[in-house]
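Hi,

Here is the structure I promised to pass on. Have a look at it first, and then read my notes below.

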Amino acid sequence: MKPTLFKPLFSTTLIASLLLSASPAFAASADVVAAAAPVQVDELTLDSAVEKALKSSVELELLKLDLSNTYYNSRLTLIDARAIREDSIYSLDDAESKYEDEAGARRDYLVANATWKAQEDALRLDVQKAYFEVQAAQEKVELQKKYIKVLDSTQKSSRDAKDTLDELESAYQEALAKLNGLLGETANKEWKLVRADLTSVSLRPLEEVQQKAFAKRPDMVTVAAEKTFAQAKVNYINNYASLSTFPGRIAQNDLRKAELLYTLAQKKAEQEVNASYEKVNEAKEAWEKMKSSHQSAEEQYREAYRSYLGGQKTLAELADEEEEWLKSTTKTIESAYAYNVAVAAFLQSTGY
């Protein structure tokens with residue numbers, strides 16, 4: 001939230017000083033003005049930050065190359081397997097060359113794709129968290145600067161407030177360095193952040209969300225591929241030999257293992273989705289309460305401002321009311337940050 005009532009709070013002395021600095025007699029030279037001209041800062045959105053990080057990640061590029069090779073190897077295997085006609089299969093070895101190789105090629109590609117997707121999802125979440133951290137830190141820095149101006153305009157000591165500003169600026173630089181590290185940029189590169197907000201994301205019913213997670217999460221895709229492969233092996237052994245043979249018993253054991261691993265992965269996914277779903281609801285509730293509290297603080301401040309204009313309150317008393325409003329604003333910023341991060345983690349837990 002951007003404060004809108006700061007200008008009227010400036011004392012006449014402060015306003016006079018601002019006017020004086022703008023007068024022709026005290027105007028800075030053209031060279032000084034040029035030297036003080038702001039450096040061009042690139043704009044950055046949440047989506048562009050994610051895209052930039054994905055493109056600059058060496059680890060992700062390596063996985064993409066592995067995936068590409070797996071894709072081509074799988075295609076070659078499928079071409080060879082499909083060239084084997086079913087009426088030419090006379091032994092278990094012949095069946096293996098066709099059906100197991102074919103199922104294995106599909107399995108290998110799905111697993112490689114899931115491995116790449118898991119890395120991409122993790123990086124996406126890291127960038128989203130870092131972006132929201134920088135955004136919140138930046139908002140708190142700007143808010144503190146305005147608060148210091150208010151203190152200065154009322155001749156109140158701003159030493160503690162300036163110490164707090166130093167701490168907030170340090171936290172901002174740390175958050176910025178973290179984000180830039182993910183983007184492949186220098187640690188101190190500044191950005192013009194476009195405000196991002198995930199608080200408008202609506203939650204689907206929990207059962208629907210769980211089903212989506214079972215289908216899209218990389219870990220679920222992996223265990224599903226392994227189970228499908230194991231089932232294919234059982235099928236061709238049953239058709240061209242017997243499940244009572246040693247190869248048949250081994251295949252059945254492998255299928256049972258794959259089914260158990262799928263069940264375990266499903267339980268893990270369900271637990272993680274449930275936990276992230278609950279955190280989103282908790283963060284939403286806390287954010288809505290904070291918004292309501294902030295609105296009350298804002299109304300009290302407006303009433304104090306009207307009293308100040310009517311002569312019932314001094315400028316110092318008005319500054320005290322504004323201090324409470326600023327504290328409420330800071331808590332609102334922190335609450336929105338927690339809500340945004342909770343939503344981002346929830347989306348990652350469902351497989352995006």
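A quick definition before the aromatic part: rings of Phe, Tyr and Trp count as a pair if their centres lie within 6.5 Å. Also keep in mind that this is a predicted model.

With that rule, Tyr-71, Tyr-72 and Tyr-109 come out as one aromatic cluster. The three tyrosines turn up again on the surface, where Tyr-71, Tyr-72, Tyr-109 and Leu-110 make a nonpolar patch with about 370 Å² of accessible area together. Two helices are involved: helix 4 (58-82) and helix 5 (92-153) each bring at least two residues to the nonpolar patch. Tyr-109 belongs to helix 5, and its relative accessible area is 30%, so it is partly exposed.

Now for the overall layout. The protein has 10 helices and two strands. Read from the N terminus, the order of elements is α-α-β-α-α-α-α-β-α-α-α-α. Of the 352 residues in the protein, 37% are buried.

Back to the rings. How many aromatic pairs does the rule give? The count is eight. One I'd point you to is Trp-287 with Tyr-339: the ring centres are 5.2 Å apart and the planes stand at 50°, so this pair is tilted.

The cut-off here is under 20%.

Asp-80, Asp-93, Asp-94, Glu-96 and Asp-101 gather on the surface as a patch of negative charge. Which helix gives the most to this negative patch? Helix 5 does, with four residues. Asp-101 sits in helix 5 and, with a relative accessible area of 36%, is partly exposed.

- Arg-302 is in helix 9 and counts as partly exposed, at 30% relative accessibility.
- Lys-156 is in the loop between helix 5 and helix 6 (159-183). Its relative accessibility is 29%, so Lys-156 counts as partly exposed.

One last thing, about the backbone. Most residues other than glycine have a negative phi. Tyr-352 has a positive one, near 60°, and this residue lies in the segment after helix 10.

Happy to go through any of this with you once you have the model open.

Cheers

Terms used:
Residues are numbered from 1 along each chain as its sequence is written. This is a predicted model: local features need pLDDT of at least 70, side-chain atom pairs count only at pLDDT 80 or more; totals for chains, interfaces and linings use all residues. Side-chain values use heavy atoms; hydrogens and water are left out. Patches are made of residues with over 30% relative accessible area and no salt bridge: like charges are joined within 9 Å, nonpolar side chains (Val, Leu, Ile, Met, Phe, Trp, Tyr) within 5 Å. Accessible areas come from the Shrake-Rupley method with a 1.4 Å probe; for residues, only the protein chains shown count as cover. A salt bridge is a side-chain nitrogen of Lys or Arg within 4 Å of a carboxyl oxygen of Asp or Glu. Buried means under 20% relative accessible area, exposed over 50%, partly exposed in between (1.4 Å probe, protein chains only). Lys and Arg count as positive and Asp and Glu as negative; His and the chain ends are not counted. The place of a charge is taken as NZ of Lys, CZ of Arg, CG of Asp or CD of Glu. Rings of Phe, Tyr and Trp (its six-membered ring) pair if their centres lie within 6.5 Å; planes under 30 degrees apart count as stacked, over 60 as edge-to-face and the rest as tilted.
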